[in-house]
Every structure is written in C-alpha cells, then in structure tokens.
Amino acid sequence: MAGTGTAHLRDADDTLLRVEDLVVEFPAGRSGLRVHAVSNISFDVKEGETLGLVGESGCGKSTTGKAIMQLPRPNSGSVVFEGTDMTTLDGAELRRTRTRMKMIFQDPISSLNPRRKVEDIIAEGLNIWDTGTKAEQQAKVDEMMLAVGLDPALQRGRRPHQFSGGQCQRISIARAVVTDPKLIICDEPVSALDVSVQAQILNLLEDMKARYGLTLIFIAHDLAVVKNVSDRVVVMYLGKMCEVASPDLLYEQPAHPYTRVLLDAIPVPDPSVRPDDRPRVAGEIPSPVAPPSGCRFRTRCPKAQDVCANTEPEVSEVHPGQFVACHFPLAPGETLPVGNGARPI
Amino acid sequence: MTPLRRRRGGSAADRFSDAPLDGSLLDVGDVKTHFKTERGLVRAVDGVTFSLERGKTIGIVGESGCGKSVLSRSIMGLLPSNVVRHGSIHFEGREIGKAYTDTMRDYWGTQMAMVFQDPMTSLNPVMRIGNQITESLRYHLDVTKEYAEETALSLLQSVGIPEAERRLRQYPFELSGGMRQRVMIAIALACGPKLLFADEPTTALDVTVQAQILDLLQQQQRERFMAMVLVTHDLGVVAGRTDEIAVMYAGRIVEKAPTRSLFAHTRHPYTEALLKSIPKLNQRSHTRLEAIVGRPPDLVKPPPGCRFAARCPYAQPKCLTDEPPLEDPGEPGHAFRCFYPVGSDAGADALARNLAAGETASGLPVKKIGEIVTTGITV
C-alpha cells in the first residue's frame, strides 16, 4: 500500500493498544529537511494477540515500536494503551505505564549492561518500583530465570559476557517479563541469532506469552519468522502501511506487490527452487528525507502506473480480513514478472 | 616453491600461468587449526578434508562457533599468531598450508579473495571507494593508474551500483549496507581471483537485499568461471546456489554431499535438525519450531565419541564412546559421520528406543508430540 487510512482498525472491547495516525519525523542535520520515519500509521492490537510489523531496514518499524513507548514522543497521532492515551502522559505517570509495556531489542549483548550481574539486571524493574521485599524479589528473579531456561543457582551471579547471544536474549526476555507487563514490543529479537537459536527463542516467546498472558508486537524483516509467531501482520514500507492481514492469508494470497516481493526474497531450503526463477525487486528503499509522491513503493513497483505517482492509495478491504493500500492489488495467484522488472530509481 | 617478490618478473597473475588447468583447484587435507589460549588449546577446526574444482561452488554450513569461518581463514592464511596449524592445503597443486604472509600476498586478490560478513567494518572508512578498489589492482597487477581507474568503474557497474562514476569518489558511510557489500564484492573480484570466499556475505542485510547480493555473487561466479566457498548458518541460503554442501559441527565436517542429495536424503541428525529449525512459509502460523536444544560443545575439551551426541535425539551408548568416521556407505559422494543415520533402519530403531525410554543415551529427554519429536524439557 504504502498508503494511509484506518479501514483496518477493529471496534472491539478487548483492544489493548490502538495506534492512530502516528507520525514521527526527525530533523535531518541542520539542512532544515525532515526525515519522514513514520507517516500516518494506524493499527490496533487485541489482548493476547501477536501483531507482526514487517518491512525492510528504514521502513519505520523500529521507530513505530519506540514511538509507542514514547521514546521519543511521536510528532502527532494517538497511542491508546489500556484506555489511556500515552501521548498525554508525563513524568511518573508515563514511567508507571511503561512497566506494563516492555521492549526487547535486537542485539542481545549490547542491550545488557556488561558490568552488572544477571540477577541485578533482571531485578532492576522490581527495585525501581520497590515491588515486594528483597526475598520476594529474589524469588521472582529465580522464577523468571527458570521460565526462560536459565539455571538461577548456577548463573544468577554471572555477567553478560559469560553468556552466548541466545542466552543473553533469554535474559532480556526475563528482564522484560519480570514487572508483569501486558504488552511486549520485540524489536528484531532474533535477527542477530543463528537459525537453531532463533527457533529456541521463538518457541520461548510463544511459551512466555501463554504462561504470562502477554500481548506481543513482533518487529522483524523476515516474513517467515513473522508468519510463525503472529496473529495479524502489518507490512510497512518507507513509513507507510502496505497490507494488513492474518499471516496465513498474507502468504496464500498477498495483495500488495511489496508483500509478494518480501515473500519471494526469503531463501527456501529446497534445491529444486532455483533462485534465478524468482521475481526480484530492483534497487533499494528511497531516502525518507524526500519520499516519492503518491504511493511510496511506486519507484520499485513493477505494476506502477501514473496514478500511483499522483494519488496516495488508501487502505481498503480487498478480501474479508485482508486490507491493502494499493491502486492495483494483486489478484489471488498473480505473480510478479521474473527478473528486475521494476524501473530503476 | 621459489620465493616471489612483488613487481619482479611481471605481475602476480603471470607467475601462476604455469599452473595445471586440470585437477581440482583446492585440496584441503585433514586441516586442523588450534588456538593457544589461557584456557587451553581451542580446537576450532579439527580435521577437515574436502576438495573443490574450478568453477564449482561449495557451501559450508553450521552454527556460530562450528569453525566454518576459521576454516576459510585457514585456507586464505588469515590467522592470528597464537595458532597451531596441521594438515595440508593445496592450491593448484602447490602447498600453501604453512605459507607465510609474504607468500600468501601473491595469492590474495589474484588467486583467492574474500567477501566478509560486515561490510561497514571491512571497508576503510577514511578512504574513497575508488581508491579501495584500485589499491589491490595497482598492487597485484602492475597496471597504470588510468587503467586501474577504468577497471574500477566497470567493476562497480558490473556489481550493479547505479551512478558508479559518482560513487567512486564517495566514502563508505555515504553508502547503504547493500551497496557497501557490492563494493566489497567489487574489491574481491578486482584482480580476477580463481577462488572466492564469501563468509556470511548477507547475514547483516535485509532479506530483499540478501537475495540481490546472493544473485550477484552467483552471476559473477558463473560469468568468471570462478570457484566459490559460501559460508553461512542458513541452509536456505545455500540450497539453490551450490554444487556441494559441507555441514560442520564442533570443528568437523559431519555431512558432505552434492546439494540435491543432501536435501533429498539427509543422513546426519544435525543436518536434519538444522533444516527443521528454519521457519517455513508453508507452515501455518504458530507452528511449533523444532529447535535444537543446548549449545555446541566446548572446543577446548570436545567430548569423546560423536560431538553432537549430547543434543541428538538418536543418541545411543555407542555414540558417547566411539566417534563415527566420515564415510559414504550408500551413495558415493554423500559422506556423513553417524552410526544411526536418518532414513536408515538403524536410525529408526535408535529413535524408537529413545522414545520408548523417554530419553537418549546422553540423558536428553525426548518425546513425540503429534508428528514432532521434541528434545529437552518442554514448558
């Protein structure tokens, strides 16, 4: 889609988070220009659901995650979490709300303080809010370490450098869950890990979600990973939304050309699938300082027409439960031309 | 071999003109690369043998710490000083396994080159792109400055960099990750190497850019009839792009086969486990992934017997004491190290025995949930 609109928002009582018309812009140096990182993104997350945010580097998916946390505050738009608009909160109120909303980052090693012991890293949230006695905090830390597959007796006194990347990510998950949050924003939690460890962490996230009644926002660039964990997926491109649907629908009949491109780029562990025969998109994501007019994907889209440069597509429902922002959505089964069919930028 | 000195008797490329054109390009025989550390000897590569013909591609696959990167650096001669090397490496029939850096300098660039994982840290941040490409051309090929600059321009164009002329004058920070990796490839290809190592060339990149870079490597490899060693942790990356695959675990090759055969008739439980741990697009969402529990063994003290036994659902008492040899009892060319291979009666019996007992010989809990065999403790 690479467009705007709110047709895909749901009216439900169990909506935990509702983001509407989120805009995040940064100044580009002293040039007076602005980086349009996120432009009018809307989505909602129901309680107990996992929402996948997927797209290339620079599509604004991480910025969206951080803007929900108000780190930094979005330029405009609303972030309603448990009935409260986060953008109106300040100081202690905002910090108190953030204990219910946690984040897990991409690089597990650099997101842990190398000089602190694991038990202190995990207990920090409890310490800050004086939750329970020392003994209760200790018990809670032990419970968390066990839940993420670490041995408290053996490992609680160790420091991050004594753990592998996968184990550090387990510590990050324990640290996030310890304050009993409702929502966890996972920002590329498995991109830095090997496939074998990736599977362990994805399974762990699913287990933790069931055990502690969590709701997840899962940010990643690999659609296969996102499909595995999500109930609903938002495909993003250059600060805009392209397509919103359930992962199975998205895979069976992608309606946005960009979704198709992402699907075709995933390496298939099957030697009979020749990579040369798969469609590719030319070029790279354009600069968010001067995004293309109309549909932002048009410069790389093999289906682009004149209307795509003039009019920005709005999100509309093409099939029940499948929303797309595209003037020329793909019909079920339609494929893109093989090779670099797109016009060069 | 007589010592070769730069800029005497023509360019480095000329000195290899007498190399035989038949036979394999690279022969690696029982290579061991051990690092001396405070904790003891780390056996990063521990007896690896393979050979590679001209114009062929081999994939080396394994988890972090399995020795796949150290293996390619051992062949290139890019090792630190605290290393103990054993075994032989023959390149076009010449032994280079113990060669000093001075000798290897004649091989780098013109004979073999490497594309590294992280394109930001492998490029010099304070040097223009153009100079980084012409540097190796001028050093190795003894060409004029003008010729080197023209070559650099055509190289940048051939690796798909738009506005190549302008890019030559830019610095690495002005380029995106994918563009930087294209520059790395251009530098590696500059002197027309016969062998290219691509060490996790796309791990730091997005999926769409990954596909573009892999396509580019494959296209260049075919056009130049260059041999390529593609090192990765993702079996999906090597599936459609290699002639042969070697799967490494704890410093050893555990399975080596032509690509089609490896996927169609997977024999080693580790290869099977790696394949199963990849999330597949055709699975329904929330399909539980079959992860490999635990971590690779400590390479200072590798366990006796099969090194994968502690994580293997097929493990039997014999696996804990005897190490299986790398043999190809079935299909010629499809070698593996396992007493109870996947797809054999012995393997099926071993798994059935472990399932009945609820644990493997190494004490790893194993049970069947639906069609999926899970190892380790499930929550």
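Guide: Two residues are in contact if their C-beta atoms, placed from the backbone, lie within 7 Å. This is a predicted model: local features need pLDDT of at least 70, side-chain atom pairs count only at pLDDT 80 or more, and totals for chains, interfaces and linings use all residues. Residues are numbered from 1 along each chain as its sequence is written, with chains lettered from A and ligands numbered from 1 in the order in which they are written.

Visitor: Which residues does Leu214(B) touch, not counting those up to four places away in sequence?

Guide: Pro275(A), Thr202(B), Val237(B) and Arg241(B). Leu214(B) itself sits in helix H8 (residues 207-223) of chain B. Helices are DSSP runs (H or I, at least four residues), and strands are too (E, at least two), numbered from the N terminus.

Visitor: Why does Leu214(B) count as buried?

Guide: Buried means 20 or more other C-beta atoms within 10 Å of a residue's own; exposed means 12 or fewer, and partly exposed is in between. Leu214(B) has 23 C-beta neighbours inside 10 Å, so Leu214(B) is buried.

Visitor: What makes strand E3 of chain B mostly covered?

Guide: Five of the five residues in E3(B) (residues 57-61) are buried. Thr57(B), Gly59(B) and Val61(B) point one way, Ile58(B) and Ile60(B) the other. In a regular strand the side chains alternate between the two faces of the sheet.

Visitor: How do you know that E3(B) and E8(B) pair?

Guide: Pairing takes at least two bridges found by DSSP between two strands. E3(B) and E8(B) (residues 227-232) have five, in the parallel sense. Thr57(B) has Met228(B) as its bridge partner there.

Visitor: What joins E3(B) to E9(B)?

Guide: Four bridges, also parallel, to E9(B) (residues 244-249). Val61(B) stands opposite Val247(B).
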